[in-house]
Amino acid sequence: MTDLQNKNYIIALDQGTTSSRAIIFDRDANVVCTAQREFVQHYPQAGWVEHDPMEIFATQSAVMVEALAQAGLHHDQVAAIGITNQRETTVVWDKVTGRPIYNAIVWQCRRSTEICQQLKRDGHEQYISDTTGLVTDPYFSGTKLKWILDNVEGSRERARNGELLFGTVDSWLIWKFTGGKTHVTDYTNASRTMLFNIHTLEWDAKMLEILDIPREMLPEVKSSSEIYGRTKSGIAIGGIAGDQQAALFGQMCVEAGQAKNTYGTGCFLLMNTGDKAVKSKHGMLTTIACGPRGEVAYALEGAVFNGGSTVQWLRDELKIINDAHDTEYFAGKVKDSNGVYLVPAFTGLGAPYWDPYARGALFGLTRGVRVDHIIRAALESIAYQTRDVLDAMQQDSGERLKALRVDGGAVANNFLMQFQADILGTQVERPQMRETTALGAAYLAGLACGFWGSLDELRGKAVIEREFEPQLDEAAKEKLYAGWQKAVSRTRDWEPHESAE
Ligand SMILES: Nc1ncnc2c1ncn2[C@@H]1O[C@H](COP(=O)(O)OP(=O)(O)O)[C@@H](O)[C@H]1O
Ligand SMILES: O=P(O)(O)OC[C@H](O)CO
């Protein structure tokens with residue numbers, strides 16, 4: 001512990017879908033400094049999404065150096081690093097050269113849809129659900145990894161010979177930061193691979209056999225809060241969690257029944273279910289979360305694939321806004337969406353529909369529709385999708401949430417938050433501390449090295465900045481939502497495919 005005397009900071013590395021961030025926290029869990037870099041999204045075919053793993057690492061190391069420099073700190077003053085990451089995204093690299101053998105296949109990518117259909121035709125759906133807690137959807141790492149091994153010549157053989165390693169982004173970063181010494185992941189990330197038995201907490205031999213994945217290439221699975229290794233500059237790496245589980249922890253939803261929704265690239269609603277792995281009857285996933293000291297707990301999760309990414313699409317592809325923040329202004333210029341619904345099923349639909357064949361659409365276009373209405377419909381779509389998920393989650397848990405705790409980049413948007421409260425008919429609570437994902441990773445790392453003794457020390461930090469009260473009357477709310485459901489039903493099953501039935 002004496003080693004900690006002059007170490008008054010924790011760095012959280014938040015490797016998200018659109019950017020890499022480094023956030024430095026002090027002993028009171030206040031943000032001292034933040035650095036962030038966006039990186040390139042690759043869309044090589046319709047429905048495919050890739051990242052360059054070297055760019056992920058380069059941006060992540062650059063922001064760490066940048067944040068330390070901005071804060072005027074030396075790495076000796078850092079007690080530990082906590083890593084949190086976009087989940088499911090799959091990297092395979094050469095153990096000797098340290099070079100990836102293929103781009104990272106991103107969680108949103110649909111290229112392994114046919115592999116999933118085959119899994120269903122072969123009757124594995126129930127086993128996958130019982131063992132891994134997941135639905136048979138291309139979202140998860142297992143079928144992405146199979147795709148790489150099937151399509152990069154000689155790779156399966158090389159993996160069998162121990163020449164290649166697989167990892168989600170946490171594993172890749174830790175392997176790089178430790179100079180190739182440490183090949184690990186944590187339970188939360190492992191639970192998103194479709195290769196991990198969430199009950200026995202081991203890689204599942206039958207899933208590895210079904211997907212023909214050599215065990216030799218898999219990382220060792222560890223708890224979310226312990227010292228895994230050190231960076232080349234000597235900083236201890238002490239926390240790992242998938243970003244949604246980190247946000248749940250950062251919001252201190254560590255007891256059964258506590259829930260949060262994160263609005264980033266996608267939207268992810270997680271409810272802690274304590275030591276019970278609850279099986280959903282309404283399209284939720286069963287996944288591993290972090291208990292009060294980072295130990296294994298379970299959660300129900302509703303994953304929406306396109307949330308903030310819908311706003312990015314307005315900015316980068318349609319080019320009708322310059323900045324995500326502008327959407328609040330444009331949406332507020334009109335009194336409603338003029339009957340327009342945008343269903344952003346760009347990469348199929350996640351929870352509760354799980355339809356990889358759905359594709360995006362705009363409905364209700366008339367001559368009076370202007371860009372402002374479309375921008376408003378884009379924001380509304382984020383709130384409608386959250387309602388889809390919250391309704392399903394409440395049916396599973398049998399409980400109605402008194403208030404929804406939110407976080408993530410898009411919660412800065414007051415229009416979105418108010419519309420969310422309106423369409424749910426539930427209060428929305430926005431915390432003062434928006435960096436809850438990074439905070440969760442920092443807590444995990446701080447607990448591992450004794451920087452913080454327990455979460456109790458930090459509970460007082462969770463301050464609500466603003467509450468959004470529902471203002472829409474019941475009939476208006478349900479009329480709007482019925483329009484959304486009709487729009488969604490028309491995007492379903494759009495891409496042609498062979499039925500798995
Ligand atoms: N003011 C805003 N209004 C709506 N969306 C926003 C706003 N600010 C950011 N976003 C969206 O939020 C996302 C970024 O949030 P973040 O939590 O950093 O995501 P990620 O971790 O997935 O990279 C982007 O998709 C962006 O379009
Ligand atoms: O990068 P985010 O915040 O959109 O999160 C991505 C999720 O982890 C995907 O499951």
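Tutor: Let's start with the sorting rule: Ala, Val, Leu, Ile, Met, Phe, Trp, Tyr, Cys and Pro count as nonpolar, Asp, Glu, Lys and Arg as charged, and the others, Gly among them, as polar. We are looking at a predicted model. In this model, the shell around ligand 2 divides into three nonpolar, six polar and three charged residues.

Student: Which residues surround ligand 2?

Tutor: Gly16, Thr17, Gln86, Arg87, Glu88, Trp107, Tyr139, Asp243, Gln244, Thr265, Gly266 and Phe268. Arg87, Glu88 and Asp243 are in this shell, and they count as charged because Arg, Glu and Asp are on the charged list.

Student: Where does ligand 2 sit?

Tutor: The space ligand 2 takes is the largest pocket. The space taken by ligand 1 is likewise described as the largest pocket.

Student: How do you know that ligand 1 makes polar contacts?

Tutor: A polar backbone atom of Gly308 is 3.0 Å from an oxygen atom of ligand 1, and a polar backbone atom of Gly409 is 2.9 Å from a ligand 1 oxygen. Asn413 takes part through its side chain, where an N or O atom is 3.0 Å from a nitrogen atom of ligand 1. Each distance is within 3.5 Å, so each pair counts. The protein covers 88% of the 580 Å² of accessible area that ligand 1 has on its own.

Student: What does the shell around ligand 1 consist of?

Tutor: It holds three nonpolar, 14 polar and one charged residue. Of these 18 residues, Thr18, Thr265, Gly308, Gly409 and Asn413 come nearest. Helix α10 (308–316) and strand β2 each supply at least two residues, and α10 gives the most, with four.

Student: Since β2 has come up, why are β2 and β3 called paired strands?

Tutor: Pairing needs at least two bridges, and β2 (residues 19–25) and β3 (residues 31–38) have seven, so they qualify. Their sense is antiparallel. As one example, Ala22 has Ala35 in β3 as its bridge partner.

Student: What makes Ala29 worth a look?

Tutor: Ala29 has a positive phi of about 65°, although it is not a glycine. Ala29 lies in the loop between β2 and β3, and this hairpin has five residues between its strands.

Student: One last stop: how do you know which form the peptide bond from Ala351 to Pro352 takes, cis or trans?

Tutor: Look at omega: the value is near -5°, and the bond is cis. Pro352 itself is found in the loop between β19 (341–343) and β20 (361–363).

Definitions and conventions. Residues numbered from 1 in each chain as written. Chains lettered and ligands numbered in written order. Predicted model: local features only at pLDDT ≥ 70, side-chain atom pairs only at ≥ 80, totals over all residues. Heavy atoms only, no water. Near = heavy atom within 4 Å. Polar contact = N/O pair within 3.5 Å; in protein donor to acceptor, adjacent residues only side chain to side chain. Areas by Shrake-Rupley, 256 points an atom, 1.4 Å probe, with all protein chains shown as cover. 1 Å grid on protein atoms, 1.4 Å probe; cavity = no way out; pocket = protein on both sides within 12 Å on 5 of 7 lines; lining within 4 Å. Sits in = over half its atoms within 2 Å of the grid points.
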